Amino acid sequence: MADPAVASGGSLHLGGRGGSGSGGGGSGGKAATSPAENYYLARRRTLQVVVSALLTECGFESAEKAAVETLTEMMQSYISEIGRCAKAYCEHTARSLPTLPDTVVTLVEMGFNVDTLPVYAKRSQRMVITAPPVTNQPATPRALSAGQKRTHPSHIPSHFPEFPDPHTYIKTPTFREPVSDYQVVREKAASQRRDVERALTRFMAKTGETQSLFKDDVTAFPLIAARPTTIPYLSALLPSELELQTLEETDSSEQDDQTDSENATGNNISDDPGADKENSMLPPGGVAPAAKASEDNVIDNPYLRPVKKPKVRRKK
Amino acid sequence: MNRKKDKGFESPRPFKLTHQVVCINNINFQRKSVIGFVELTLFPTVVNLNRIKLNSKQCRIYRVRVNELEAPFIYNDPTLEVCHHESKQRNLNYFSSAYTAAVSAVDPDAGHGELVIKVPSELWKQGDDLKVLKVYIEFSLDQPKGGLHFVVPDVEGSMAERGAHVFSFGYQNSTRFWFPCVDSYSELCTWKLEFTVDASMIAVSCGDLVETIYTHDMRKKTFHYVLPIPTAAPNISLSVGPFEILVDPYMHEVTHFCLPQLLPLLKHSMSYLHEIFEFYEEILTCRYPYACFKTVFVDEAYVQVSSYASMSIFSTNLLHSAMIIDQTPQTRRCLAQALAQQFFGCFISRMSWADEWVLKGISGYIYGLYLKKTFGVNEYRHWIKEELDKIVDYELRMGGVLLHPTFSGGKEKDNPTPHLHFSIKHPHTLSWDYYKMFLCKAHLVMRLIENRISMEFMLQVFNKLLSLASTASSQKYQSHMWSQMLLSTHAFLKSISNVSGKDIGPLIKQWVDQSSVVKFFGSFAFNRKRNVLELEIRQDYTSAGTQKYVGPIKVTVQELDGSFNHTLQIEENSLKHDIPCHSKSRRNKKKKIPLMNGEEVDMDLSAMDADSPLLWIRIDPDMSILRKVEFEQADFMWQFQLRYERDVVAQEESISALEKFPTPASRLALTDILEQEQCFYKVRMQACFCLATIANAMVSTWQGPPAMKSLFTRMFCCKSCPNIVKTNNFINFQSYFLLKTMPVAMALLRDVQNLCPKDVLNFILDLIKYNDNRKNKFSDNYYRAELIEALTNSLTPAISISNEVRTVDNLNGDVRLILEEITRFLNMEKLLPSFRNTITVSCLKAVRQLQKNGHIPSDPSLFKSYAEYGHFVDVRVAALEALVDYTRVERCATELQWLLVMVQNDPTHYVRHKILGMLSKNPPFTKTSDSALCNEALVDQLWKLMNSGTSHDWRLRCDAVNLYYTLFGLTRPSCLPLPELGLVLNLKEKKAVLNPTIKPELGVGAGMDTAASIGIHGVGMSFTAVDEEPDPISLGVCGVGQPPQGLKRKAETPLGSPPEPGQILQQQDDDVRDVRGAGRYKIRFNTMEEEDIDMETVHDSQAFIHQHLNLLERPSTPGKEPLSVEQAMLSMPATPVPSFSKETTSSSSKHGGEHGGHHHHHHHHEHKKKKKKHKHKHKHKHKHESKEKERERDNSHAYSNSPASGRSLRSPSLSD
């Protein structure tokens, strides 16, 4: 089970950051929000500088921002593609780091004449671009240290990926040991249910029409007004969906331990399967005539026979 | 007794019905109307069959044709308004006899009917060769108040989406409410039933569904049913609705129908029906007689179960899911009842009302066998004891229940049940409670017969009856054989004597031909010297509802050496019986004591009397007498009996006896039984309540925790924390029922201050608090409801300082806690309704109890809102019960009015019935107590209710009669103003003599009768009497054997003129109300020649017209008779014109009938005044005038005699 405290702490943390970031973004527009974003923005800015330099090299005096942006995009795509392909080649040959030949093959594959590259690199009018500002590699956010990081067992080669952070798989109980004293549990369950019921009925009584048993103080014991229904037998006979549902819901995890211990104390017949069976026997809402009908089709019962078409009346 | 000894069945009708077609073309849910026709095929059994009497109520009849010829008809229903509505007569005796007479007048078993059809004279000639007649009747029903019940929920959508449905219902033979028929159980015929309904609906009816065909526009479909087995009309039913269909997975010829969305419940509830089928077929060694069986579950059902030929209609509230425990056995019982009635009641029908007990008895008896098989012998014996207690209690309280009434000569004097305020001559005059007890007694008597002849023979008899009937039913074209399908008391008894060779005559005489039960008092002494038990059995046969028993009785004596049965003879004068004991009173030998069942047990005999070897004694242990036994034996004997007697009946008897012995020993015995898991759970439940009673009696000496507390803790609470109940697990039903019962019983405990002990209350509150049903596969709604009931039981009257108003502030602390729980439960129920809203029901009871005990202000508004239409029926009934109680306690006239208005207007028949029933059980006042509520207006209102307001529902009318009886008694209500003196002296009328104030208004005003045609006869009589002059017309009336009820509803006196000698005489004659009276007239006037058929036609068609005029004027209140109806006839009877009838028939002038009513009315007054003046002196003038009127009347009569014009008269309804 995931540790809810950790999870909620983490999300809170992120949320806080996100909140401040969006505040900054509101004023600056491109303002960096997170280390990762910073990193990518810096790269991009460098790329933009490169594109501008090339444009200047080609003799442009100025360029529209949109054009520069487009060219930057193209450049980035191109470089990305090279990288991707090179990585693919390298992995194809069961390596993890691309080598020069990988890149070369990639470039060839992309229709680039590799031979022209040295010449181009050594051209005279080449503009020197300052190194991109040093930005930190976006470190994966430091996971909360939870437990010991596991190392590979001996049979797993060390080059295999490391185990993820322990917090992703370690269960860290943060709640207190549940009260297992039967009496307290029953007491608690009973008063909790009573409180819920009372609150609910009071709410219903407050929001709707009421009847009162006392004339002097109509709020003392408010009774939800009796309202006639058009088909009273339905609600009185059918086990209400809500009833079945609440039966299931209240059965959920939190109470399990308690009921278990209670069963141990005396109630030794487990009727869980029975309860399930009963639920399946009584589908909520309870209409399954179609299924039944098809099943009964083999039976010759006059009520299941198709209704005949009227005979064509003879002309008189 | 003069039971009919003749073998065959004698039809009271001059024809035999062989086949009937019922075709309902149109069912309009919006308007709640039905249009259709019937066609009856009948064979005359006399030459010259000229009139056919059929039954039909509330149907509007458009035309009648006999063999394609238009036939005139008369429609007259005297039960619409039993007594003349202007009558000031208000005593129940009068009403009861009038009602009985009215019912008799249309009783199909006597060959009568509301609808009299005159066979066209062209067909008379045919009569000689007894040719078949086909009677075709077109009819419609508009907003029927009885017979058919429409349930149309008021929501959006098509009728099918709304779940609108309609079904037939009724108490006994009530089919006439929805189509014209011979509404008798003894007139069998084959059936063809056709129902055209909306394409989204399904029509379920009796017989085999042959085919379903769309109409030409494809928007409707027609269901064609054929019922080849001869069946009586009352066993025909119909239900139409958007049903979901479930073919029984075990028996494909059985189909179940329920309302939309309930299919899962239907599947579960019907999953064991096949077992019931198998059971009955096996014990009866007879296949189910019909080719198919259908169950239909409908809302707002009249009764929970009603059986018809090859189908049964149930209340939809019987359906339940697998989560529900308590409803399951109840539903199974209902199914078993319905199925038992399929064999006996539907397939085999009764010959007459007097034979009803046989069929109900047999079906109840085989139903009991099913109970024994399914629920076990303990449950069965418990049930028998329960039923026996019920019938004994009823008969001792209310007087005897007679299974087989015989009416010799139809004389009122022979009334076999003079103690009752209603007649048992007809099913339709019976009080519902009486009928239920009748059913109860019938099956108990069957069981007595079984005891006598053995079950094997009993089942052989049933098998024989069934085989006879099925042979007869297959005789397709031999309708005379069909009477074999009718069962009479005589045939049944003969069959028993043939099969078993035993004479059960005395038994039948004692329990069937005689009403009442036996009441024994037993006591004993042990004579040590002779080693003899001296048993004394006395009887009380003088008080109401008791009879003397002479014959054998079984006594079981448990001694130290074993259990011994003795059969004693109860004879006239022998009270004492000496029974020799087998064992000496030596107890030093420590040996086990053998019980009746062979078991040997150790007992602690220290409590016992050292001299006596007797452990316990039981009188009639097998319940083979319908009796109540009050037996005296020592407390330790009862305790032994409780602990060691294995029969549940004995255990229950000892528990009720132990209530009188509040000792620690009793407490111990009860506690031991409570803890014993082998013991039958209902005994343990009863022990809980007994323990509470004992604990209260011992309150000053009680040691230890409150009764049952530690027991409950041990059984149901957690080991680790004894104050908390285990989470619910109802897998063990015995402990479930005990879990439910114990808190309820504990809440009845009281401390020395007569308050519920604090720790008991807290205990119950904790049970509620810690109730946890999450892990339970069953619903806990019944358990929670019982916990609320426990809270209710814990309430004690508030200590009130003066009569201050109850406020929140001065609420007692404990009550505040209780109230909080109730509030929360009630509110939660709105959000999460429980099955059948059991919790709301309990909460409403609790609120009423709080009010009654003065904790919260007594206020009916909450109950009123829950009693409204639209709540679940159980909730409504609970709310109404609270209101009835409120009405009684607060003597509140407005609430009583509110209830009575609901009785008149509520759409649900069951609720109306229930209100009247509850009012009778818990009346706001009684005949013996004075109350401000008892006033003239209320008398009038109730009178109106039973007189005309409930004519559409037999059961409801009888309920109203019951209530009237409870409130006012048989005689004139005391709150009515004293009548004027000097008017009364009616010596002939015995009942009147009993109370001279009964009939104050008699003897004045000649001939002011306003009833329908029956009233006319009465008038006729009165005139003849006054004039002492032969009157052909009244003679005609009597000669035809017209019901005499008209006779006694004569002569009311709106004018209040002083009496004259002649009028008193007239009164006396008028009062003749039975056949005897009519017979006297007959004799007196039998010199006159008269064509009575024509005369009658004249009479009745007159009434018919008026009734129709009335219908047109006030179609919504058919029960009310128009003033004008009969007045036209007034002059008629007084007219001694011999040629009158010819005149009538020959009269062909087509006068406009439209103005008839007013016209006659006018004349009537004129005439009356004149008559008063000249009654004796101016006879001739009088006659002359009368003749004039006669003519007028004839005009209107002629008009009704023509079917064509008759139809035009009724055209407004046709155009509907």
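Guide: A residue is called buried when its relative accessible area is under 20%, exposed when over 50%, and partly exposed in between (1.4 Å probe, protein chains only). The model is predicted: local features need pLDDT of at least 70, side-chain atom pairs count only at pLDDT 80 or more, and totals for chains, interfaces and linings use all residues. Residues are numbered from 1 along each chain as its sequence is written, chains are lettered from A and ligands numbered from 1 in the order written, and side-chain values use heavy atoms, without hydrogens and water.

Visitor: Why is B:Cys189 called buried?
Guide: Its relative accessibility is 0%, which is under 20%, so B:Cys189 counts as buried.

Visitor: How many disulfides does the structure hold over all chains?
Guide: There are zero; a disulfide requires two cysteine sulfur atoms within 2.5 Å.

Visitor: What is found for B:Cys679?
Guide: For B:Cys679, the nearest cysteine sulfur, that of B:Cys688, is 11 Å away, and B:Cys679 is in no disulfide. B:Cys679 is also buried, because its relative accessibility is 7%.

Visitor: What makes S3 and S6 of chain B edge strands?
Guide: In chain B, three strands form an open antiparallel sheet in the order S3-S7-S6. Strand S3 (51-54) and strand S6 (73-75) each pair on one side only.

Visitor: How do you know that S3(B) and S7(B) pair?
Guide: Pairing requires at least two bridges found by DSSP, and four bridges join S3(B) to S7(B), residues 115-118. In S7(B), B:Lys118 is the bridge partner of B:Arg51.

How values were computed. Helix = DSSP H or I, 4+ residues; strand = E, 2+ residues; numbered from the N terminus.
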